[in-house]
Amino acid sequence: MKQRRRIAVHGVAHDPGGRVLLVPGAGDAGPDGDEPDGWHLPGGVIEHGERPADAVVRTYREQTGLDVKVLTVRNVRADVVRRAAAGVAVHTDRVIYAVTVAGSTLRNGGAAPAPPAEWVGPERLGERPLAPYVAEGLALPVTESEILVEAEPDIDPARRTVQRFAAYGLVTDPADRLLLCRIAPGYPGAGTWHLPGGGTDFGEQATAGLLRELAEEADQKGRVIRLLDVSDFRNPAAMGPEGYPMDWQTVRVLYRVEVDEPVTPRVTEAAGGSTADAAWFRRAELHRLRLNQFARSSIGSHLV
């Protein structure tokens, strides 16, 4: 079975009566049936190079006719749908935003062939079969099967555009030290200090991927505290170990993480990884470090 991955965005909108807007069936599945069964939040797949927040505004309008304003990111989760007849397992990383309706009128069905959207009250949510990410986002019981599958990447060697989903952490210990990792030679940003984290594996939730990376890059056992932000970065000519430029877009989830029992950091991942070194730093030491832009902006915005 082949692996395919994609990144989708969804919006949670409530009307003045507390009802939430849902779409039946598969909100952005198309004819291939790539979505879990049940009712979905309006949204869809991010186009290459598109900012996640812009994508939720676009896809919401396409499905419902409504213009929405993004308020904040609410949740991030992944699921896998197996298409046995096609021999493909589709992994979708989902970013769920809180949105408010800014204008326009609900259009029955949005842009064809989207199914009709419906405002559903709290008293009726329990009657609807909800997709797992919807139930979790609305704090309702989640029923789902194990998402890990045995599959091989469906790689096109001629492909020159790549979307990557990654999770990073602002990681501190009880002494209020910050954990950073130095990027290895041969990778974009080589020699700079970066936040712990990296790309998630097929079938892996973002939080699980972050804690795995934390162990591989620094030999630390962490505890995820909360979701901070979702951003993206595009490098149209990233030159990595592959030896040729590729148009990379990375959607980056940022979490606050605590390490209750810190140890001396050491890189444990196999040779050839993107991390050359890891270390704990006190806040007063950060100004002398060569931080990459993502680490610098994340620390400045969220580490208080």
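Biologist: What is the relative accessible area of Glu 118?

Modeller: Glu 118 has 27%, so it is partly exposed. Buried means under 20% relative accessible area, exposed means over 50%, and partly exposed lies in between (1.4 Å probe, protein chains only). Keep the origin in mind: this is a predicted model, where local features need pLDDT of at least 70, side-chain atom pairs count only at pLDDT 80 or more, and totals for chains, interfaces and linings use all residues. Residues are numbered from 1 along each chain as its sequence is written, and side-chain values use heavy atoms, with hydrogens and water left out.

Biologist: Which residue forms a salt bridge with Glu 118?

Modeller: General idea first. Side chains of opposite charge can pair when their charged atoms come close. The criterion is a side-chain nitrogen of Lys or Arg within 4 Å of a carboxyl oxygen of Asp or Glu. Here the partner is Arg 124, with the closest N and O atoms 2.8 Å apart. Arg 124 is also partly exposed, at 27%.

Biologist: How many salt bridges does the structure hold?

Modeller: It holds 23. One of them joins the side chains of Arg 19 and Asp 15, at 2.6 Å from N to O. Arg 19 is partly exposed at 37%. Asp 15 is buried at 15%.

Biologist: Which parts of the chain does the salt bridge of Arg 182 and Asp 277 link?

Modeller: In that salt bridge, the closest N and O atoms are 3.3 Å apart. The pair links distant parts of the chain: Arg 182 sits in strand S9 (residues 178-183) and Asp 277 in strand S14 (residues 275-281), 95 residues apart. The labels come from DSSP runs, numbered from the N terminus: helices are H or I with at least four residues, strands are E with at least two. Arg 182 is partly exposed at 31%, and Asp 277 is partly exposed at 28%. Elsewhere, salt bridges that share partners make one network of Asp 201, Glu 204, Arg 212, Glu 213 and Glu 216.

Biologist: In what sense do S9 and S14 pair?

Modeller: Two strands pair if DSSP finds at least two bridges between them. S9 and S14 have six bridges, in the antiparallel sense. Within this pairing, Arg 182 stands opposite Asp 277. S14 has five of its seven residues buried, so it is largely enclosed by the rest of the structure.

Biologist: What span should helix H4 have?

Modeller: The expected span is 1.5 Å times one less than the number of residues. H4 (residues 206-218) has 13 residues and should span 18 Å; its end C-alpha atoms are 18 Å apart, which agrees.

Biologist: Which residues of H4 are buried?

Modeller: An α-helix has 3.6 residues a turn, so residues three or four places apart point the same way. In H4, the buried residues are Ala 206, Gly 209, Leu 210, Glu 213, Leu 214, Glu 217 and Ala 218. They cover an arc of only 140 degrees around the axis, so they lie on the same side of H4. That arc is taken over the directions from the helix axis to the C-beta atoms.

Biologist: Which strands do the buried residues of H4 pack against?

Modeller: Contact means heavy atoms within 4.5 Å. The buried residues of H4 pack against S9, S14, strand S4 (67-83), strand S8 (161-172), strand S11 (197-199) and strand S13 (245-258).

Biologist: Which residues are buried in helix H5?

Modeller: Within H5 (residues 293-302), Phe 294, Ala 295, Ser 298 and Ile 299 are buried. Their arc is only 125 degrees around the axis, which puts them on the same side of H5. Gly 300 and Ser 301 are exposed on the other side of H5.

Biologist: What joins the side chains of Asp 79 and Arg 94?

Modeller: A polar contact of 2.6 Å joins them. The term covers a pair of N or O atoms within 3.5 Å; within protein, one must be able to donate a hydrogen and the other to accept it, and residues adjacent in sequence count only if both atoms are side-chain atoms. Asp 79 lies in strand S4 and is buried, at 4%.
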